[in-house]
Amino acid sequence: MQNSILIEHGARYQICDRFWKRKLLFRWNSSTQKNQQMSNLNEPLLRRSNVDNAIVRDRNAQMNHLAKDIEDLKDTMNEIGNLIEEQGEDLNLMEDNAYTAEADVEKGVDILHTALDHQNRFRKKVCFIILVIIILLAVLSVIIYFSLPKNKTPPGPVNATELFY
């Protein structure tokens with residue numbers, strides 16, 4: 001805008017003395033210098049703003065990376081939780097099987113004690129029966145021994161023809 005004013009001033013006042021032209025040029029130059037100085041002052045701000053923008057972009061990238069890492073960690077923790085839950089179910093099943101096995105073993109021990117008791121009773125009965133049979137045979141042998149006639153002569157040789165006739 002300063003530049004257009006200068007042109008207007010130059011178009012209107014062509015018969016101005018050099019002093020005025022210099023004054024207007026000085027004003028124009030000084031305003032241009034002010035604009036340059038302002039842009040020079042703004043340049044570090046722009047650089048700083050660019051640096052800030054770069055820092056913000058870098059932080060955003062880091063935050064996105066961190067968010068992705070957290071999401072991966074969450075997925076991993078969910079998978080671990082699912083595995084633990086599955087293993088917990090397996091452990092519960094194994095625990096139930098162990099309790100069932102323990103109860104079955106206790107029943108088996110009771111049955112074995114009963115079988116051992118039955119075996120001992122049977123053995124006692126068999127021993128008693130064998131003893132009774134031995135006593136009966138002994139008594140029978142004694143009865144037979146005393147019931148036979150007592151011949152003092154030993155029997156003589158037997159002819160084979162006497163046996164068949």
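Visitor: What should I know about the model and its numbering?
Guide: Residues are numbered from 1 along each chain as its sequence is written, and side-chain values use heavy atoms, with hydrogens and water left out. The model is predicted: local features need pLDDT of at least 70 and side-chain atom pairs count only at pLDDT 80 or more, while totals for chains, interfaces and linings use all residues.

Visitor: Which elements make up the secondary structure of the protein chain?
Guide: Helices (H or I, at least four residues) and strands (E, at least two) are DSSP runs, numbered from the N terminus. Here there are three helices and zero strands, in the order α-α-α.

Visitor: What share of the residues counts as buried?
Guide: Buried means under 20% relative accessible area, exposed over 50%, and partly exposed in between (1.4 Å probe, protein chains only). In this chain, 2% of the 165 residues are buried.

Visitor: How many salt bridges are there?
Guide: Side chains of opposite charge can pair when their charged atoms come close. A salt bridge is a side-chain nitrogen of Lys or Arg within 4 Å of a carboxyl oxygen of Asp or Glu. The count is two.

Visitor: Where do Glu-71 and Lys-74 lie?
Guide: Both are in helix H2 (residues 18-147), three residues apart, about one turn of the helix. Glu-71 is partly exposed at 38%, and Lys-74 is partly exposed at 45%.

Visitor: How many residues apart are Asp-117 and Arg-121?
Guide: Four, about one turn of the helix, and both lie in H2. Asp-117 is partly exposed at 34%, as is Arg-121 at 46%.
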